[in-house]
2 protein chains.
Amino acid sequence: MTQSQTKKILLAHGGGGRLTAALIENSILPKFGNETLNQLTDSAHLELGSGSICFTTDSFVVKPLFFSGGDIGKLAICGTVNDLAVAGAKPAALSLSLIIEEGMDFEIFEQILQSAAVTAKAAGVPIVTGDTKVVETGAADGIFINTAGIGTKIDNIDLSMNRIVPGDKILINGNIGDHGMTIMSQREGMKFESPLKSDCACLNDIISKVLETGADVKFMRDPTRGGVAATTNELAASSLHSIELIETALPTDLTVRAAADMLGFDLLNIANEGKFIMVTSADTADKALNAMRAHPLGTKAAIIGEVTQKEEMPIVELITTIGGRRIVQMPYGRELPRIC
Amino acid sequence: MTQSQTKKILLAHGGGGRLTAALIENSILPKFGNETLNQLTDSAHLELGSGSICFTTDSFVVKPLFFSGGDIGKLAICGTVNDLAVAGAKPAALSLSLIIEEGMDFEIFEQILQSAAVTAKAAGVPIVTGDTKVVETGAADGIFINTAGIGTKIDNIDLSMNRIVPGDKILINGNIGDHGMTIMSQREGMKFESPLKSDCACLNDIISKVLETGADVKFMRDPTRGGVAATTNELAASSLHSIELIETALPTDLTVRAAADMLGFDLLNIANEGKFIMVTSADTADKALNAMRAHPLGTKAAIIGEVTQKEEMPIVELITTIGGRRIVQMPYGRELPRIC
């Protein structure tokens, strides 16, 4: 192969033979290697200390693969780490499974893997098992990544819909809509004076800092697809309590808001990838808020609303800037395909 | 929608909003529902009894989606159950993550899910968490499925390359190459008098029956992509022991062999989806063999070779039907794309 030829992903890289072995040895292990992964057995063997675990999975199909603030590799790690963290678990191990389109530039592939590796390392979570498949050109779009994750349940936390009562506070750790609007603007080719940037981040550290305060945390979820609107509607439906959100309290970036206005989106429906919604008792909300604000991923944290009354058909209402009320509905779901 | 219109998968089915919720409620929960999954939290919470676990993942991109003996749904369950079982673990829970191409017939989608549900139920392993993404027409090929799995380590088994010594026996639970040749023949439009059928099956039950005999099992692996050639080469390389396979001992179906000959394939390189290679001590091989043969998935089980000497550059050799010797190499990997 001459210097000028770009190395490409071939079907044989996913064939389970010599080229797959070479890919694992040259591209996977140098980036992700650890004692468990290096054994390359059919299953990773883990000693977790406790059999009380959380288990989650997500596939990532984001387009474009690289965006301001992240890429599909970083996103695939953060997404699964966050699903564990909001479930009240300490992430212990991840799997990484790749479906690659034949002909993908090897350099781009390596860049994505490197980003996933750096993100996982920073979050303190090892990749312990994985899989690689290659499909022919046109049968996939660049690369799709699935991660699954295992975490051990944290002892001193009791997340339960049954514990939610009127007066409980609803918190978020910062600006809403950054991820979704970054992806959309990039797809639409829109440029702004202060560029948009995805909030894509691993939340396990900030969440553990909040839990350490002893705040009475009753619910956590990361408002990804469907945004704050979907998460609060799910909370209302599951807890059978209505919810009031205060528009003026919602942290937003001015440019993100401008982009949403231009494209006709409601920021409440827009995906976030570095945010979590938390419900705490009224008397411990400030404790949680202060811990969030003390963390780099929570400087813009805010109390954005509260739980109101219990009812059979609960609703989410937004108290608007001018003092009106509007119902926040569960989004339909077609707003932003391939956002994560 | 009129009766004559076929219902299709829409982008909004993967958008995280109302249509995703409807898909989960109407298509996922009725088939897979269990106490853990029904909670629809970000992560499933499991009480495993022990923190000594195995964790594995695989993505499935098989083409065609339906084949004689199975489909992508069944395959996705069996593949991950088998990776746990050959690691000496009792499968405890699976995740199921779908990447669907917009426009897929809803009926086909439902059929695949149903097949996965029936297979998981028969294997006794619940699906506890999942994810659904939809990508636009042309960005994927029908459906890709990822499963990850957790199992609890079985106590009385010590799988370890260090325990392998010359004289150990190599066993397989039946005919080789059935899965790969079924897929290939179907793609090539070949027809045979006795039709080919994939061996796709969950192996956790037969493996536990063999382990119950107390046979001294030192190694297990399912020869999927890359076939028996890849698995035995991996065994040789990791254990630093050469291996001899006996061609006349390899169980094969006559039609599968004919198909391989016609298409120019070596059955040793062909994927299996319901087979496992096992290494036992010489004196307990018959015990293991008898247990295999007593099980419906092992009626054609055989001792197919043995471990020979320890060496730095170990090889796998085939003693051919006419008494010759040929080296069995690690396959290159381009033989059979999208076989699983």
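1. Let me start with A:Arg338, which is buried with a relative accessible area of 6% (buried is under 20% relative accessible area, exposed over 50%, partly exposed in between, with a 1.4 Å probe and protein chains only). This is a predicted model, in which local features need pLDDT of at least 70 and side-chain atom pairs count only at pLDDT 80 or more, while totals for chains, interfaces and linings use all residues. Residues are numbered from 1 along each chain as its sequence is written, chains are lettered from A in the order in which they are written, and side-chain values use heavy atoms, leaving out hydrogens and water.

2. A:Arg338 has a partner in the other chain: B:Glu136 forms a salt bridge with A:Arg338, with the closest N and O atoms 2.9 Å apart (a salt bridge is a side-chain nitrogen of Lys or Arg within 4 Å of a carboxyl oxygen of Asp or Glu). The pair joins two chains, because B:Glu136 lies in the loop between E6 and E7 of chain B and A:Arg338 in the segment after strand E14 (325–327) of chain A. Helices (H or I, at least four residues) and strands (E, at least two) are DSSP runs, numbered from the N terminus.

3. B:Glu136 also forms a salt bridge with A:Lys63, here with 3.5 Å between the closest N and O atoms. A:Lys63 sits in the loop between strand E2 (52–60) and strand E3 (66–67) of chain A, so this pair joins two chains. B:Glu136 is partly exposed, at 23% relative accessible area, and A:Lys63 is partly exposed at 35%.

4. Another salt bridge links A:Asp131 and B:Arg225, at 2.8 Å from N to O. A:Asp131 belongs to strand E6 (residues 127–135) of chain A and B:Arg225 to the loop between strand E9 (217–221) and helix H6 (227–239) of chain B, so two chains are joined again. A:Asp131 counts as buried at 6% relative accessibility, and B:Arg225 counts as buried at 17%. Over all chains, the whole structure has 40 salt bridges.

5. Of the contact residues of chain B, 100% recur in chain A (contact means heavy atoms within 4.5 Å).

6. Do have a look at A:Gly149, in strand E7 (residues 143–153) of chain A. A:Gly149 counts as buried at 0% relative accessibility. Leaving aside neighbours within four places in sequence, its contacts include A:Cys54, A:Phe55, A:Leu84 and, from the other chain, B:Phe55.

7. Beyond four places in sequence, B:Phe109 touches residues including B:Ile9, B:Leu23 and B:Ile143.

8. Finally, in helix H8 (residues 285–293) of chain B, the residues B:Ala285, B:Ala288, B:Leu289, B:Ala291 and B:Met292 are buried. They lie on the same side of H8(B), because they cover an arc of only 165° around the axis, taken from the directions from the helix axis to the C-beta atoms. Their cover includes helix H5 (204–212) and strand E12 (302–310) of chain B.
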